[in-house]
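Please keep the sequence and the 3D view open while reading.

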Amino acid sequence: MSEVKLVATTRTEFGKGAARRLRRADQIPAVLYGHGSDPLHVALPGHATMLAVKQANALFSVELDGKTTLAITKDVQRDVVKNTIEHVDLLIVTRGEKVTVDVQVAVVGESYPGTIHVFETQALSLEVEATHIPTEIEVSIEGLHGGSSISAGEITLPEGATLLSDPDLTVIAISVPHASAEDVAADAAAADLAASQSAASAAAAEA
């Protein structure tokens with residue numbers, strides 16, 4: 001994953017009023033912490049940060065006072081009504097360091113005709129190098145029949161990744177959809193109506 005470069009400035013004012021002023025200036029309050037250092041309270045560029053946190057497990061390269069720090073997102077606080085970002089927590093990391101992240105599972109291929117796939121688990125917990133966090137884990141369901149399933153331990157992980165989730169955890173299940181009683185009744189009624197209309201048309205033709 002490429003690094004997302006952000007230029008930060010140090011925050012000297014705190015509280016709701018100061019945070020609102022930052023957001024009006026298209027900046028987002030954030031904190032950088034980790035590795036035993038004191039938390040760094042910073043302001044990040046609003047639009048660039050908003051785009052960056054849309055990427056799963058984005059790796060940030062934060063420039064502050066001429067020094068660059070690598071970090072990953074640990075928490076994004078949003079306004080529940082406006083869905084705007086109110087605050088970002090960033091965890092400081094170093095190259096070669098192992099971190100724990102949740103990575104989304106993505107399906108590739110098509111299961112056997114007439115079947116559907118269902119996610120039992122949307123993401124897996126992995127231990128990976130901080131600078132090589134995968135954006136997703138691809139799982140092939142090509143040709144799988146109904147009743148099949150794929151567990152976490154059966155999935156081929158990206159190079160260098162270690163599975164932390166339970167290996168027996170079911171990730172994807174393949175099933176054959178069954179029609180509901182209402183659907184069956186509706187189909188039967190439609191068939192009866194078609195049959196009666198056909199019979200009426202035949203009788204009219206003979207007359």
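A residue is called buried when its relative accessible area is under 20%, and exposed when it is over 50%. The model to which this is applied here is a predicted one.

Take T69 to begin with. T69 belongs to strand β6, which covers residues 67–78. Its relative accessibility is 15%, and T69 therefore counts as buried. Which residues does T69 contact, neighbours within four places in sequence left aside? They are F60, S61, V62 and I92.

Is T121 buried or exposed? With a relative accessibility of 13%, T121 is counted as buried. Once neighbours within four places in sequence are set aside, the contacts of T121 are L169, T170 and V171. For T170 there is also a polar detail: a polar atom of the T121 side chain lies 3.1 Å from the backbone oxygen of T170.

Strand β10 pairs with β8 (residues 98–108) in the antiparallel sense, and seven bridges connect the two. Within this pairing, L124 of β10 is the bridge partner of V103. Strand β10 is also joined to β13, residues 162–163, by two bridges, again with an antiparallel run. Here L126 is found opposite L163 of β13.

Conventions: Residues numbered from 1 in each chain as written. Predicted model: local features only at pLDDT ≥ 70, side-chain atom pairs only at ≥ 80, totals over all residues. Heavy atoms only, no water. Buried < 20%, exposed > 50% of the residue type's maximum accessible area, 1.4 Å probe, protein only. Polar contact = N/O pair within 3.5 Å; in protein donor to acceptor, adjacent residues only side chain to side chain. Contact = heavy atoms within 4.5 Å. Helix = DSSP H or I, 4+ residues; strand = E, 2+ residues; numbered from the N terminus. Pairing = 2+ DSSP bridges.
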